[in-house]
Amino acid sequence: MKSWLERGAASPHHALYLRRLRIRQTWVWGLRILIFIAFVAVWEGAARAGWIDPFLFSSPSLIWSQAVQLATAGELFHHIGLTSLETAAGFIMGTVGGISLATCIWASPFLSRVLDPYLVILNSMPKVALGPLFIVTLGANGASILAMAVAITIIITTLVIYTRFQSVDVSYLQLARSFGATRSQIFRKIIFPACIPDMIAALKVNVGLAWVGVIVGEFLVSKAGLGYLIIYGFQVFNLNLVMLSLVVVAIIATVMYQLIAWLEARLLRHRQRG
């Protein structure tokens, strides 16, 4: 156990640091798992004891039974796959589009002054209200769902990244200009690398926003997907189906967030080595 905790150590002091760090991480994960198990146990026990109404609040056993029923019928993974694909596409398009738009605005100070009030207005506008407009213009199909996810993610990404572009330390920019660096070189060598942590932070935020956009879009137009299951469950008073859909959304969103956190750790480790 000691050798496992101290693996990769370069010195006795480093070994002590790694051992303490990994013990603390083990405690953190252990407590997380314990809290989850306790929550599920209390939820199930409260439902069985009649402290809460299983019809309204369901229970872990009822949710599991609903999941097995849908999986046996071959429907569960179809709904999960469709919503996950739409969310991933909206997430990628919104994030890449936001970063690209922020780059274009930074590249043209004139364009920045022109678009600034419109970005503020678009950011303050409730994007969900655009759903009927997307349905009319794009049709009641997957394009409207994707448009909803992109609309929710792209504006906030643009504002966050553009603001970070502007907040890069001026002394670095002045030094680069004194050596004759062009505006393009300054952006590629100084500004963009300095903003990578903020881009990762935008990715984390966009995970939740993309899910909101897709689920709302499926509320409006879809005949399949987790959003459709939620609405259908409410319509037929099958709240076990609703809770199952919410649990699945929470699990997949957590997995996406952890993947981004893993990417962030690798990028930061690479920057430190560099």
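Just after helix α12, F237 takes a positive phi of about 60 degrees. F237 is not a glycine. Its place is in the loop between α12 and α13 (239–273). Helices here are DSSP runs (H or I, at least four residues), numbered from the N terminus. The model is predicted: local features need pLDDT of at least 70, side-chain atom pairs count only at pLDDT 80 or more, and totals for chains, interfaces and linings use all residues. Residues are numbered from 1 along each chain as its sequence is written, and side-chain values use heavy atoms, with hydrogens and water left out.

- F237 counts as exposed because its relative accessibility is 59%. The cut-offs are under 20% relative accessible area for buried, over 50% for exposed, and partly exposed in between (1.4 Å probe, protein chains only).
- S58 also has a positive phi, near 55 degrees, and is a residue other than glycine.
- S58 sits in the loop between α3 (54–57) and α4 (60–72).
- S58 is buried, with a relative accessible area of 0%.

- Helix α12 covers residues 226–235, and L226, G227, L229, I230 and G233 are buried in it.
- Seen down the axis of α12, these buried residues fall within an arc of 160 degrees, so they line one face of the helix. The arc is taken from the directions from the helix axis to the C-beta atoms.
- E218 belongs to helix α11 (residues 196–221).
- A polar atom of the E218 side chain lies 2.6 Å from the backbone nitrogen of G227.
- E218 is buried yet has no salt bridge. The nearest side chain of opposite charge is K223, 12 Å away. Lys and Arg count as positive, Asp and Glu as negative; His and the chain ends are not counted.

- Side chains of opposite charge can pair when their charged atoms come close.
- The whole structure holds one salt bridge (a side-chain nitrogen of Lys or Arg within 4 Å of a carboxyl oxygen of Asp or Glu).
- E44 and R48 form a salt bridge at 2.6 Å, N to O.
- E44 and R48 are about one helical turn apart because they are four residues apart in helix α2.
- E44 is buried at 13% relative accessible area, whereas R48 is exposed at 65%.

**A nonpolar surface patch**
- I23, W27, L31 and L34 form a nonpolar patch on the surface, with about 440 Å² of accessible area together.
- Patch residues have over 30% relative accessible area and no salt bridge; like charges are joined within 9 Å, nonpolar side chains (Val, Leu, Ile, Met, Phe, Trp, Tyr) within 5 Å. Accessible areas come from the Shrake-Rupley method with a 1.4 Å probe; for residues, only the protein chains shown count as cover.
- L34 is found in helix α2 (residues 12–49), and counts as exposed at 53% relative accessibility.

Note on methods: Helix = DSSP H or I, 4+ residues; strand = E, 2+ residues; numbered from the N terminus. Polar contact = N/O pair within 3.5 Å; in protein donor to acceptor, adjacent residues only side chain to side chain.
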